[in-house]
Amino acid sequence: MLITYLKVAFRTLIRKKGYSLLTIAGLAVGSAVFLLIALWISDEISYDRFHDKGDRIYRAVWEGKVGDNEWKIPLGPVPLGEALREGFPEVEEVVRIRPWSRLVRHQGSLIREEGFVYAEPSFFRVFTVEFLSGDAATALNAPDNVVLTTTTALKYFGTQHAVGRSIQLSDGTTLRVAAIVKPFPPQSHFRFDFLAPLETLPLVRDRRAQWGSATVYTYVLMKRGTSITALEEKFHKHFQGIQRQGIGGGSTDYFRFRFDPLYDIYLRSNYAYEIGQTGSIDTVYLMSAVAVFILLLACINFMNLTTARANERAREVGVRKVVGADRTQLLTQFFLESVVYVCCAMVFAMALTEITLPNLNAFTAKQLSLEYSNPFVLVLLCGFVLITAFVAGLYPALVISSFSPVSVLKGRLTSNSSRLAGLSIRSVLRSTLVVFQFCVCIALMTGTIVLQHQMQYVMEKNLGFDRSSVLVVRGAGALGEKRRVFVREAEMNPGVGAVSMVQTLPGYDFDSMGFEPEQPANYRITSLTYAMVDEKFVDVLGLKIVEGRNFSTDHPTDSSAFLINRSAAHALGWKHPLGKRLRYGGNVEGRVIGVVDDFHFQSLHSEIKPIVFPFIRWVPQYFAIRLKPGDKTETIKQVKAVWEKLAPERPFEYSFLDQDYERLYQSERRLTQLFGLFAGLALFIACLGLFGLATYSIQQRTKEIGIRKVLGASVINIMGLLSKEFARLVVVALIVATPLAYYGLNRLLQNFAYRVDIGWWVFLVAGGAALLVALATVSFQAIKAALANPVEALRYE
Amino acid sequence: MIETRNLKRVYTTGEVETTALASVNIKIQVGEFVAVMGPSGCGKSTLLNVLGLLDQPTEGEYYFLGQEVSKYSERQRAQLRKANIGFVFQSFNLIDELTVFENVELPLVYLGISSSEREKRVKNALEQMHIVHRADHFPQQLSGGQQQRVAVARAIIANPQLILADEPTGNLDSANGQEVMKLLTNLNEAGTTIVMVTHSSEQANYAHRIIHLFDGHVVTENIKEQLYT
């Protein structure tokens with residue numbers, strides 16, 4: 001029996017080529033999108049699952065508030081680790097780590113290694129690391145030990161058997177390779193290429209007892225059966241004791257440590273100073289919704305096309321019933337037919353997936369693949385086929401199998417009351433489904449337009465500083481005292497405007513620290529964002545000084561002076577900020593000599609914060625170089641030559657400020673592109689369906705069209721008549737989609753402190769575009785029908 | 001075999017009621033060959049549908065093989081139908097996607113008969129209808145006469161006690177038509193009860209008895225022997 005069903009299914013599929021192509025193409029595209037997104041999601045949610053004790057690992061997050069400055073960061077103070085290790089029996093193990101990029105000597109030059117991570121020996125007891133050689137118990141015990149991943153070993157030694165060999169850092173330190181381990185899989189919230197003992201990092205040694213500085217990432221491994229919330233409470237009480245000994249002065253100030261589960265880090269924490277790239281659970285949800293919706297669109301196509309042409313199968317159903325088939329048997333038959341179509345679509349979908357995977361991988365920087373050898377994947381694919389077939393095929397099977405056999409005896413569908421009612425219910429349902437399809441299309445299109453608009457706004461908004469044509473050179477500190485020579489020589493280049501030495505720049509991370517401002521704060525410690533800059537900073541970024549003056553080499557006391565922004569003056573309660581005193585770092589005290597106008601040193605996601613610019617006293621990180629119009633490549637070459645003369649061993653690492661700044665919007669930009677892509681695909685699928693529906697609807701109205709033409713209707717009249725019913729559906733879809741999309745997009749834009757308004761024109765454009773595409777799709781069939789000879793249509797009557 | 005009492009069938013389309021059968025009382029014995037005649041729209045086909053358990057009467061009683069079946073559910077009617085009734089249509093109603101063999105086989109498939117048994121019986125039936133050489137063809141590849149022979153083969157494959165034929169020769173030329181009528185006569189002589197709707201009195205002459213319908217009523221019942229003697 002099954003074989004007969006399948007035989008008929010295949011024969012129908014081949015005989016109705018056009019119909020099969022429409023249904024299968026829509027379903028294939030929809031399924032491919034679904035599969036791609038499912039692959040991406042399964043990768044996103046699999047982060048950090050490879051650790052054996054992962055369910056017991058937590059990362060400390062430091063929450064605090066001092067003055068107006070609030071923070072919540074995964075970096076914590078160094079002594080936190082010891083405090084947790086010593087006083088709390090429920091803690092099985094603690095590991096502190098800190099990535100610190102190093103320059104490593106390789107074949108005569110220095111290579112910057114971003115994956116250089118300092119860690120305690122307990123690293124291997126907390127995290128799951130596979131050793132190829134060396135001993136986990138001792139690998140990080142000696143100060144000159146280093147652990148390499150296989151990839152790193154291959155890169156530096158050409159072999160994985162590198163234990164006992166040595167690597168050299170730029171500062172002359174020699175490290176001995178103590179072990180070779182497998183690198184973490186890509187689904188890890190941080191990665192490492194090198195592991196070195198934590199206590200050899202000067203920063204950590206210096207801050208060993210400092211509770212006030214965020215320095216290391218602290219992970220705890222809890223004992224089985226213990227409660228992390230209990231630990232959180234217990235530790236908080238313990239910590240208040242420490243706090244009384246002198247950190248955090250003000251009454252409203254507070255500190256608190258929280259512990260995030262390891263599995264939540266990648267998707268659910270989005271702090272400043274993250275240890276690696278994080279994802280976003282919101283994006284995962286959004287993409288899941290998009291995947292489900294697009295698959296639904298494809299299923300709806302299937303349903304609509306199948307029920308629309310159900311009449312063609314009426315005779316077959318009738319005959320089968322007459323010769324003895326009961327409803328269940330027919331249901332099975334037509335459901336199996338859907339399974340056949342879905343299977344065909346799946347073959348194409350998998351081909352499409354394979355073809356587009358490299359692009360997706362390039363776009364998301366992942367290594368996704370369909371692994372057919374994995375039984376789990378196979379089960380999933382089969383399940384997917386069945387569920388899709390179920391969703392898409394059940395309703396048509398119900399409709400078709402319900403045909404009354406009486407119709408068959410009359411040679412055509414009778415028009416008794418129940419049949420008419422059935423037809424109209426079905427066509428209402430069909431219309432509803434089309435409306436739903438276009439709702440999704442319109443929502444995705446408005447999403448694309450609004451996000452694009454927001455991106456454009458973000459790119460074009462006057463940020464208060466000029467980010468174009470600023471060359472950023474890394475590693476200013478490495479030049480030592482020669483940095484002034486670099487500035488002098490670079491500035492002599494005719495293509496260079498000014499060169500500034502700075503600690504940080506817009507688009508990069510900003511630190512905060514405790515300042516003690518004079519009245520009205522009365523030298524109470526207030527945490528403020530700061531960036532140490534020199535006298536060229538204002539020129540290079542094109543900032544506007546609204547009060548006072550810039551730093552100047554003519555005033556020796558400027559070395560302890562400050563610039564502040566307008567918001568800082570406001571936050572500190574200074575109506576006349578010039579000459580006000582500020583202290584920081586215990587012993588540096590100076591006066592405010594100028595106020596700069598507010599500018600967006602952070603992305604438009606957040607509002608402009610108060611910021612203090614102390615004159616640079618610490619080692620600068622970057623040179624910011626204002627380039628004059630002209631041949632920039634040549635200028636950069638010459639600046640590079642200056643660098644290489646002063647630091648021949650150091651790589652010349654540079655970037656452009658505008659590109660660095662725009663990276664802050666990378667995820668939104670990606671989202672915008674994805675939205676555009678999916679809106680296009682959704683529209684494509686919906687139009688495939690519409691094309692099919694139009695074909696059948698027009699076939700059914702052939703007689704009506706013939707009569708109208710005989711009575712004098714023009715081609716335009718007929719086209720209008722036929723297009724109107726579909727145009728109406730799109731308009732209804734627009735009306736339904738508008739409030740939903742408006743609500744959703746408003747929520748999406750909440751991420752930006754500065755955002756565009758969603759104008760009514762957005763919906764008009766999206767609706768108009770959908771209408772246009774829909775009409776274009778329908779008109780092909782409508783024109784054909786309108787031009788047909790009416791005699792043909794009426795001959796059979 | 002068949003008895004109807006005050007059989008009534010009314011169709012409702014919107015607000016219009018059409019009475020297709022109004023109080024039909026007929027009796028058909030086992031082994032009879034009955035022709036139903038009458039003008040277009042007199043209710044012939046409706047009667048055949050009701051007798052064939054494809055349609056339900058609006059009112060009245062219908063005894064089929066001694067059981068009152070007018071209130072049977074679709075499933076019950078299907079059960080009764082597939083075991084006892086074969087149909088032949090004017091427009092053949094073969095399934096285009098199935099071969100001749102598969103079309104004839106279909107009733108046996110739904111009866112759950114094993115495939116070896118099916119093959120034997122289908123071959124027999126096709127031989128009987130002189131169409132066995134076309135077993136692997138699709139209906140569109142056959143002439144009208146051949147298609148109707150296939151349809152008859154399908155109607156008899158399950159050895160039904162009753163064959164209902166709705167203008168079985170209507171789409172055929174006279175030669176092919178006569179051949180089909182001969183087939184039906186042979187079946188009847190072998191014991192199968194036949195009820196045939198027809199327009200043509202020539203065809204009706206093959207029957208033992210003719211029932212005339214007009215506007216949903218039985219107007220006359222002629223026993224042929226009486227008519228000609």
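This briefing walks through a few parts of the structure above, from whole-chain numbers down to single residues. Keep in mind that the model is predicted.

**Chain A as a whole**

- Along its principal axes, the C-alpha atoms of chain A fill a box of roughly 105 × 60 × 55 Å.
- Chain A has 797 residues, and 41% of them are buried.
- Take the contacts in chain A between residues at least 6 apart in sequence: 81% of these join residues at least 24 apart.

**Two helix pairs to look at**

- Start with helix H2 (residues 17-44) of chain A and helix H20 (residues 666-700) of chain A, whose axes are 10 Å apart and which pack at an angle of about 160 degrees.
- That angle makes H2(A) roughly antiparallel to H20(A), because anything over 145 degrees counts that way.
- The crossing of H2(A) and H20(A) is left-handed.
- On the H2(A) side you'll find Tyr19(A), Leu22(A), Ala25(A), Gly26(A), Val29(A), Gly30(A) and Val33(A). They meet Leu681(A), Phe684(A), Ile685(A), Leu688(A), Gly689(A), Phe691(A) and Gly692(A) in H20(A).
- Sort the residues of this contact between H2(A) and H20(A) by class and you get ten nonpolar, four polar and no charged.
- Now for the other pair: helix H1 (residues 2-15) of chain A packs with helix H11 (residues 327-364) of chain A at an angle of about 55 degrees, with the axes 9 Å apart.
- H1(A) and H11(A) are therefore oblique to each other, and their crossing is right-handed.
- H1(A) brings Tyr5(A), Leu6(A), Ala9(A), Phe10(A), Thr12(A) and Leu13(A) to the contact. From H11(A) come Thr332(A), Gln333(A), Leu336(A), Glu337(A), Val340(A) and Tyr341(A).
- The contact of H1(A) with H11(A) has eight nonpolar, three polar and one charged residues.

- Strands of a sheet pair through backbone hydrogen bonds, and the pairing can be parallel or antiparallel.
- In chain A, four strands line up as E16-E24-E15-E25 to form an open sheet, and here the pairing is antiparallel.
- Which strands stand at the edges? They are E16 (496-502) and E25 (654-656) of chain A, each with a single partner strand, so one side of each has no neighbour in the sheet.
- From one strand to the next, the twist averages 25 degrees.
- E16(A) pairs with strand E24 (residues 622-627) of chain A over five bridges, in the antiparallel sense. Val502(A), for instance, has Tyr622(A) in E24(A) as its bridge partner.
- Helix H15 (residues 483-492) of chain A packs on the sheet and touches E16 and E24 of chain A. The direction of H15 makes about 165 degrees with that of E16(A).
- Helix H18 (residues 632-646) of chain A packs on the sheet too, touching strand E15 (470-474), E16, E24 and E25 of chain A. The direction of H18 makes about 145 degrees with that of E24(A).

**A buried strand**

- Is strand E18 (residues 526-530) of chain A buried or exposed? Five of its five residues are buried, so E18 is largely enclosed by the rest of the structure.
- Both faces of E18(A) are covered: Thr526(A), Leu528(A) and Tyr530(A) are buried on one side, and Ser527(A) and Thr529(A) on the other.
- Strand E17 (residues 511-517) of chain A runs antiparallel to E18(A), and five bridges join them. Here Ser512(A) has Thr529(A) as its bridge partner in E18(A).
- E18(A) also pairs with strand E23 (residues 611-614) of chain A, in the parallel sense and over two bridges. Thr529(A) turns up again, with Ile611(A) as its bridge partner in E23(A).

- Lys544(A) sits in the loop between helix H16 (537-541) and strand E19 (545-548) of chain A.
- It has 13 other C-beta atoms within 10 Å, so Lys544(A) is partly exposed.
- Leaving out residues up to four places away in sequence, Lys544(A) touches Val596(A) and Asp597(A).

**Where chain B comes in**

- In all, 27 residues of chain B are in contact with 25 residues of chain A.
- H3(B) supplies the largest share of chain B's side of this contact, with six residues.
- The chain B residues that touch chain A divide into twelve nonpolar, seven polar and eight charged.

Conventions: Residues are numbered from 1 along each chain as its sequence is written. Chains are lettered from A and ligands numbered from 1 in the order in which they are written. This is a predicted model: local features need pLDDT of at least 70, side-chain atom pairs count only at pLDDT 80 or more; totals for chains, interfaces and linings use all residues. A residue is buried if 20 or more other C-beta atoms lie within 10 Å of its own, exposed if 12 or fewer, and partly exposed in between; C-beta atoms are placed from the backbone. Two residues are in contact if their C-beta atoms, placed from the backbone, lie within 7 Å. Axes are lines fitted to C-alpha atoms, for helices over the stretch in contact, and angles run from 0 to 180 degrees between N-to-C directions. Angles under 35 degrees count as roughly parallel, over 145 as roughly antiparallel, 65 to 115 as roughly perpendicular and the rest as oblique. A crossing is left-handed if the near helix is turned anticlockwise from the far one by less than a right angle, and right-handed if clockwise. Ala, Val, Leu, Ile, Met, Phe, Trp, Tyr, Cys and Pro count as nonpolar, Asp, Glu, Lys and Arg as charged, and the others, Gly among them, as polar. Two strands pair if DSSP finds at least two bridges between them.
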